[in-house]
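Thanks for coming, everyone. I'll keep this brief, so please have a look at the screen.

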Amino acid sequence: MWGGKGFYKGMRIDYLYLNANKYFLGLDFRKEEGYRLLIELVKKADVFVENMEPGTLDRYGLGYLQLREVNPWLIYVSASGYGQFGPLHRLPSYDIIGQAESGIMDTTGWEEDEVDELYRLPDYPGDWLPSTMAVSAVLAALIYRERTGRGQYIDLSQAASLQRFMYHFVYMSASGRLKRSGFFDPFAPVSGVFKTRDGKYVAIAAMTEGQVKALAGEVAGLVEALGDRWRVFRVVQEWASGKMLEEVLEAGRRLKVPIQPVMTDIDVLRDPWRWERGSVVRINDRLYGEIVVPGPLFKMAGADIGVRWVARPVGYHNKLVLKKWLGYSPEEADGLVQRDVLGYWDGQPGNMPPPGWKAEEDPVYQGERDEV
Amino acid sequence: MMDREAILRELFRPEGKPAALEGVKVLEICGVNFGCMIAGSLLAELGAEVHTVPDERAVKITADEVYIEGVGVPYFVEGRGKKRVEWRDVESLLPQVDVLLDGLGPGKLAERGLGYPDLAKRYPQLIYVAVSPFGHYPTAKARDYANVPDSDLTGQAYNGYMAMLGNPSLPEPYSYPIRAGIWLAWAFAGAAAAMGALSAYWQRMKTGRGTFVDVATNDVLSVDHPYQVGAAFVLGVARRRSPTIDANLYVTYTTARAKDRFVAIATVIWPEIEAFFEIIGRPELAEKWRDAMTQVEKDPDAIKPLEKEVFAVVREIPAEELVRRSREKGKPPIAVVKTLEEVASQVHWRQRRAIVEVNCGKKLLSPGTPYAMSETPGRVNPPC
């Protein structure tokens, strides 16, 4: 990850970010005692989430049909590429496979005489968008359970979550295929990415008649070019290339037309708006120290939401979880470790406590206190 | 005895079942902000009763001049299952409303006496959810851009997303950053707003009090995905845009042109890389590839000659043959990149109601619902 720089004090950086605010238990459920322990935890759980290949957990007695007998209140989420039923359901998936199967790659790229290429979408939206949708489904299921006392099974498909936003299917059946869009928003009469005089990229999207009219007051030849996206591109490029980025942005504010810079990672990290809003936050993690993290997905008045702690190594919370959930003593937890039912990180790079960490001096690891 | 799949197909059968959010009332005033409208649609799929004050400018938005029963295609999909109401109905609806979705921008509803502080006094249980480019939370930028409408393209740009998409080796302007082929920023904004609304509703069930939820299209992708912030923090520089080499994993995670069509290849771990070179018949290239990949960060061009050679080999093999070989070997994951036409014709997605057929004067295809839920299945509301 990130050319070998992807470790932060012994922890893989993506793992560190992706697992914020979680408790880490290392449990071997293939052992009879481990299985019984997991079932005791399931009895107390509201939500169970898994992403194995469909049917895998059933073979261990941990499928939905088995766990609902143990806890009828349980909301059970399976996340997979194709879902748990249907002719393709047995196929394994990654984000990129979900993207390929959903059709979304066939919307992304160029489909012109000069260039015919399509691309994966970066940063794994085949994982992130479905998981964001899944949380809504879980919340809806919790609300329903509160009213009725009934749990349920949520079957999340990566590809289906992406397809939900593909209006292309309507066009295909109504008029004909929408071409891959490159940098154009096909729903905006004027749109694209342009290069400014100072060599910066800027995105412009006039979505409505009013916005187009406002822009046409500044951009010579725009009205005449409407209806031909490359002609529109050329006249707007001509306009943008004569201005500095800041001048183009100022025109957007003045004309009330959506115009924004194409930001890079560094621009995002340094953006004063994000720091002011709390979309980028510097936290002081109890274990890993100072780290800069993304803020919450939304702000909610009166609620302190966001990253409270980053990931921990596997098994780090063994004692704490068993104490909180099942009332186990540290000695009972140690006994489970001796019998290989519970385990800890195994020294694998990327899943380690920070250098200098001492188990005996860490009260959370010892199960004596909570993270926050 | 029925097999697992048959049991589950039966379990997820939607007919005759209730919806999760029955009885929840939503009022949306979204203007031309489709992130806001998507939030309303997702809540409607989960069973909420959604009233919308339509904006004719949003109704008209479409591509290629395609209108269905007088509305543009995005509105055709995102207007599903919503009751159209007028501005004059808003005051009478408000006492029953659980969730108010506001897509007009900071201060706009307040100008009509419908700002959150006023409404919260009158309706303490109200959940007010705002979707706007820079949020309602008072920042300098939110004030500067209060009068500038939202758009998906600028959302993708400002989130640092487009900077990672496209092929910089192409001639200009094809080399410029490009967009995800769907309204990705608005999809995430809508999903975030729906999640925020439901979180607030869940909290209200415990406390009896409503709250304000604020979503900003221009940060939603870069807070959901941790890479823009995380990479910049760890590396101190921006990641490089490459259509073939994954900027996070530093592996081949890519689409590629096979003999007859595109495939998607995911070689994430060493055994997958090794297997990939075996199935293309060039096992001797695996070590070379690994060496070149270790140099990519310092010298992005180090891998280019080898990359050219490798993808030239892939180009000689039919796509289905590559998939067959990868399945036979068990790795790496390779899939044929499906065309929209192929996806639409697959029984699988119809069975799951992910893609549905609707009859609106003529038979049309439409996105269905991703909410496969055993007790409260997502609703595919009729678009016409």
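Let me start with a question: in which sense do strand β10 and β11 of chain B pair, and over how many bridges? They pair in the antiparallel sense, over 3 bridges. β10 here covers residues 262–267 of chain B. One pair to pick out on your screens: A264(B) has A335(B), in β11(B), as its bridge partner.

A word of caution before I go on. This is a predicted model.

Now the rest of that sheet. It is an open sheet of 3 strands in chain B, in the order β9-β10-β11, with antiparallel pairing. β9 spans 252–257 and β11 spans 334–336, and both stand at the edges. Each of those two has a single partner strand, so one side of each is left without a neighbour in the sheet. On average, neighbouring strands are turned by 15° against each other, ignoring direction.

What packs on this sheet? A helix from chain A: α4(A), residues 95–102. Helix α4 of chain A touches β9, β10 and β11 of chain B. Its direction makes about 165° with that of β10(B).

That brings us to the contact between the chains. Chain A puts in 130 residues, and chain B puts in 141 residues. Which helix gives the most to chain A's side? Helix α5 of chain A, residues 125–148, with 15 residues. By class, the side of chain A that touches chain B has 75 nonpolar, 31 polar and 24 charged residues.

Strand β7 of chain A, residues 152–157, pairs with strand β14 of chain B, residues 372–373. The sense is antiparallel, over 2 bridges. Look for D155(A): it stands opposite A372(B) in β14(B).

Next, chain A by itself. It has 15 helices and 13 strands. Its C-alpha atoms fill a box of roughly 80 × 50 × 40 Å along the principal axes. Of its 372 residues, 50% are buried. Take the contacts in chain A between residues at least 6 apart in sequence: 63% of them join residues at least 24 apart.

Last, the domains. For chain A, the assignment gives domain 1 as 1–24 + 264–372, domain 2 as 27–181 and domain 3 as 190–262. The C-alpha centres of domain 1 and domain 2 of chain A are 25 Å apart. Between them, 7 residues of domain 1 are in contact with 9 residues of domain 2. On the domain 1 side, that is 4 nonpolar, 1 polar and 2 charged residues.

That's my tour. Over to you.

How values were computed. Residues numbered from 1 in each chain as written. Chains lettered and ligands numbered in written order. Predicted model: local features only at pLDDT ≥ 70, side-chain atom pairs only at ≥ 80, totals over all residues. Pairing = 2+ DSSP bridges. Helix = DSSP H or I, 4+ residues; strand = E, 2+ residues; numbered from the N terminus. Axes fitted to C-alpha atoms, helices over the stretch in contact; angles between N-to-C directions. Contact = placed C-beta atoms within 7 Å. Domains from an automatic or database assignment. Nonpolar A, V, L, I, M, F, W, Y, C, P; charged D, E, K, R; others polar. Buried ≥ 20, exposed ≤ 12 C-beta atoms within 10 Å, placed from the backbone.
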